[in-house]
Amino acid sequence: MSGSPGTHVFKGFWVTSTERIPVAVKEVKVTNSLEKMNVLNEISLMSCIDHKNIVHIYGYYEKESSICIVMEPCDESLRLYMRTPRSIEERRRLLIGITEGLAYAATSRIVHHDLKAAILSLTHR
């Protein structure tokens, strides 16, 4: 799997004492203290959000020149999903889900400044 430039995404499992949860591990390269601070701030904000239409963050860990974010796995980007013809009802349901997630984030005073189909990830649940 791949993510945005400077990132790699791996599949794995988050193992607790009672369960084994499928996860995605997003490794973000950080080359300076400002990048590191920005990634940690984003993790902090995302960890506070609990909504069915926003990816869940389980935790993170730091490596020498990167930060690995352990999160709920997604199946594909919106851009890839929309390459296949979809009915009006499917598109409507999808747009409602996206706007519900964005509205929830906005109520938490979180605004995404770079929203595009390539970075919106979907699950088939």
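Trainee: Is Arg92 buried, exposed or partly exposed?
Mentor: The model is predicted, so local features need pLDDT of at least 70, side-chain atom pairs count only at pLDDT 80 or more, and totals for chains, interfaces and linings use all residues. Residues are numbered from 1 along each chain as its sequence is written, and side-chain values use heavy atoms, with hydrogens and water left out. Buried means under 20% relative accessible area, exposed over 50%, and partly exposed in between (1.4 Å probe, protein chains only). Arg92 has a relative accessible area of 45%, so the class is partly exposed.

Trainee: With which residue does Arg92 form a salt bridge?
Mentor: A salt bridge is a side-chain nitrogen of Lys or Arg within 4 Å of a carboxyl oxygen of Asp or Glu. The closest N and O atoms are 3.4 Å apart, and the partner is Glu89.

Trainee: How many residues apart are Glu62 and Lys36?
Mentor: These two form a salt bridge, with 2.8 Å between the closest N and O atoms. The pair links distant parts of the chain, Glu62 being in strand β3 (residues 57-62) and Lys36 in helix α1 (residues 33-47), and the separation is 26 residues.

Trainee: Which residues are linked with Glu27 in a network of salt bridges?
Mentor: Glu27 is buried, with a relative accessible area of 9%. Its side chain meets that of Lys29 in a salt bridge (3.6 Å, N to O), and Lys29 is partly exposed at 39%. The network links Glu27 with Lys29 and Lys63.

Trainee: Which residues is Thr7 in contact with, leaving aside its neighbours within four places in sequence?
Mentor: Thr7 is found in strand β1 (residues 7-15) and counts as buried because its relative accessibility is 8%. Contact means heavy atoms within 4.5 Å. With those neighbours left aside, the contacts of Thr7 are Lys26, Glu27 and Val28.

Trainee: How many salt bridges does a search of the whole structure find?
Mentor: Side chains of opposite charge can pair when their charged atoms come close. Among the pairs here is Arg92 with Glu89. For the whole structure, the search finds five.

Methods. Helix = DSSP H or I, 4+ residues; strand = E, 2+ residues; numbered from the N terminus.
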